Amino acid sequence: MLTVPISKWDDLTDKVEVFQTLREVYGDKIEKLNLLVDLMVEKKIKGFAISKTAFFIFVLMASRYRV
């Protein structure tokens, strides 16, 4: 599962009110999006309760954990 940087707000969310708010706050500067905001609004992976970004962060952190 490769992840591609988003190029438009439509890639991030399908929710109209979220889309409008993001556009109001960030304009067209998608690269300025805060990670925490991204984690809250990003589309979830089908069958999972988390997004791709959250999944990759989890995998990276879990792979660094040593007992």
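The largest nonpolar core here is built from eight residues: Trp-9, Leu-12, Val-18, Leu-22, Tyr-26, Ile-30, Leu-33 and Val-41. A nonpolar core is a set of buried Ala, Val, Leu, Ile, Met, Phe, Trp, Tyr and Cys residues joined through side-chain atoms within 4.5 Å. Buried means under 20% relative accessible area, exposed means over 50%, and partly exposed is in between (1.4 Å probe, protein chains only). Helix α1, residues 16-26, supplies the largest share of this core, with three residues; helices are DSSP runs of H or I, at least four residues, numbered from the N terminus.

Keep in mind that this is a predicted model, where local features need pLDDT of at least 70 and side-chain atom pairs count only at pLDDT 80 or more, while totals for chains, interfaces and linings use all residues. Residues are numbered from 1 along each chain as its sequence is written, and side-chain values use heavy atoms, with hydrogens and water left out.

Now for the charged residues. Side chains of opposite charge can pair when their charged atoms come close. The whole structure has three salt bridges (a side-chain nitrogen of Lys or Arg within 4 Å of a carboxyl oxygen of Asp or Glu). Asp-14 pairs with Lys-43, their closest N and O atoms 3.5 Å apart. Because Asp-14 lies in the segment before α1 and Lys-43 in the loop between α2 (35-41) and α3 (52-64), this pair ties together parts 29 residues apart in sequence. Asp-14 is exposed at 62% relative accessibility, while Lys-43 is partly exposed at 35%.

Arg-23 and Asp-28 form another salt bridge, at 2.6 Å from N to O.

Notes: Helices (H or I, at least four residues) and strands (E, at least two) are DSSP runs, numbered from the N terminus.
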